[in-house]
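Dear colleague,

Please find below the structure that I am handing over to you, together with its sequence. My findings follow directly after it.

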Amino acid sequence: MLVQGLMNKNPVKVDQSTSLKDAIPLMSAVKSSCINVLFEKQPVGILTDRDVACLFADFLNGSCDIDRPISEVMTSDPVCVTQESSFKDALMLSKSRKLRNLPVINDDGELVGLVTQTSLIEAYATLVERQDELEGVVEELQMLSLEDPLLRIGNRRAMEVDLIHTQADAVRHNRSYAVALIDVDYFKNYNDFYGHQKGDEILIAIAKMIKKTVRTSDRVFRYGGEEILILMPESDQDKAFKCAERVRVAIEKLSLTHEKSPLKQVTVSAGIASETKGKWDDLVGRADKALYMSKHDGRNRTSEG
C-alpha cells in the first residue's frame, strides 16, 4: 500500500507571502487540519490547527497581527514523504516524529498531496480487520512496531525509515546530519559474570541516560545487541562529537560496577560521522569503523569517522 493511494490530492495550500488573515479562512472553509505553504510549488512550511489555536489565543490577548505573512509563523521545512513511500514507512515516520500531517511531494519536490495520521491509522485498522484474509499479514503488522520492547527506544526498522527521510531532508536543504554509534565496553564479560538479567538492566539504564542527555530533536535507536545509534539532524562533525562525548561522560558518571572490565565500571565507546549528500548506510558504516577505532585504542572514548 503506497502513500499515493491514501493521500488527499487537493490539500489546502498558499504562497508564503499570503497573510494569516487570508490563509486561515481557507482551513475553515474545507475543514482542513493544516495549510501547506509553498514557494515555487515546493512545500517550505506548514501551519496546523494547533498553531491556529495558539495564534487565536495571542489575538485575544492583543499580541497577534493577522495581517502579517504566514511565513512568519509557519513551521519551516516540513517533513515530507513521496508518492512512492509505503504506508508502513509513512506511519512509522508520523508516529516517531509525532506528526499529524505529512506533505507528499513528487520527484521534483513539488507538493502533490497530503497524508494525515488519521488516514494512516484508518489504513492500519483496515489491515487488522482483514488479517484473516491476508496471507502473512501478522508478520507485516509486526513490522509496524517502532519500539524496542526492552529499551523503549526505536528499533532497527524505525531507524532505517528515519535515516532514509533524514538523508532526503539533508540533500533537499543542503544540511549536514550525523550519527553516533554507542557500544557498551566489555559487555559480553558483564553478561557472563553477572547474568543476562543484569545485562538487560544495564542496557536499560544506558538507554535512559542517552535519551536524557541528547537534544529533543535527536532520535535514539537500538542498532543491534548492545549497540545504540543516535541520529542527529542538522548536526555537523563537531556537534556530533560533543554529543557522543556528553553521552560517554554521563554514563561513566553513573559509576556502575563492572568487575570484569579493566576500568572496573561500566563505560561505553562511541564512533561518529556526519554527512550532507551521501547515503545513510555509508554514513552508518563510517561511524561503525570509528567505533572500532575507539575499541582498538582502549575503549571509553569517542572516535571520528
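This is a predicted model: local features need pLDDT of at least 70, side-chain atom pairs count only at pLDDT 80 or more; totals for chains, interfaces and linings use all residues.

Gly-45 has Ser-76 in β4 as its bridge partner.

A further open sheet consists of three strands in the order β5-β6-β7, and here too the pairing is described as mixed. Because β5 (81–82) and β7 (111–116) stand at the edges with a single partner strand each, one side of each is left without a neighbour in the sheet. Strand β6, residues 101–105, pairs with β7 in the antiparallel sense, over five bridges. Within this pairing, Leu-102 stands opposite Val-115 in β7.

The largest pocket holds about 800 Å³ of space. It is lined by 27 residues, of which Thr-75, Asp-77, Val-79, Arg-97 and Leu-99 are the closest to its centre. Which elements each supply at least two residues of this lining? They are β3 (42–48), β4 (75–76), β6 and α6 (156–173). Helix α6 gives the most to the lining of the largest pocket, namely four residues. Sorted by class, the lining of the largest pocket comprises eight nonpolar, nine polar and ten charged residues.

The second largest pocket has a volume of about 370 Å³. Among the 17 residues that line the second largest pocket, those closest to its centre are Ser-96, Ile-153, Gly-154, Arg-219 and Val-220. Strand β9, residues 219–224, provides the largest share of the lining of this second largest pocket, with three residues. The classes in the lining of the second largest pocket are six nonpolar, three polar and eight charged residues.

Finally, the backbone deserves a remark at two positions. Most residues other than glycine have a negative phi. Lys-264, although not a glycine, has a positive phi of about 65°. This lysine, Lys-264, lies in the loop between α9 (237–252) and β11 (268–275). Asn-300 is likewise not a glycine and has a positive phi, of about 55°. The place of Asn-300 is the loop between α10 (280–296) and β12 (302–304).

Are these residues buried or exposed? Lys-264 has a relative accessible area of 46%, so Lys-264 is partly exposed. Asn-300 has a relative accessible area of 14%, which means that Asn-300 is buried, the limit for buried being under 20%.

With kind regards

Definitions and conventions
Residues are numbered from 1 along each chain as its sequence is written. Side-chain values use heavy atoms; hydrogens and water are left out. Two strands pair if DSSP finds at least two bridges between them. On a 1 Å grid over the protein atoms alone, a cavity is a set of points where a 1.4 Å probe fits but cannot get out, and a pocket is an open set with protein on both sides within 12 Å along at least five of seven lines; lining residues have an atom within 4 Å of a point. Grid points are joined across faces, edges and corners, and a volume is the space filled by probe spheres set on the points. Ala, Val, Leu, Ile, Met, Phe, Trp, Tyr, Cys and Pro count as nonpolar, Asp, Glu, Lys and Arg as charged, and the others, Gly among them, as polar. Buried means under 20% relative accessible area, exposed over 50%, partly exposed in between (1.4 Å probe, protein chains only).
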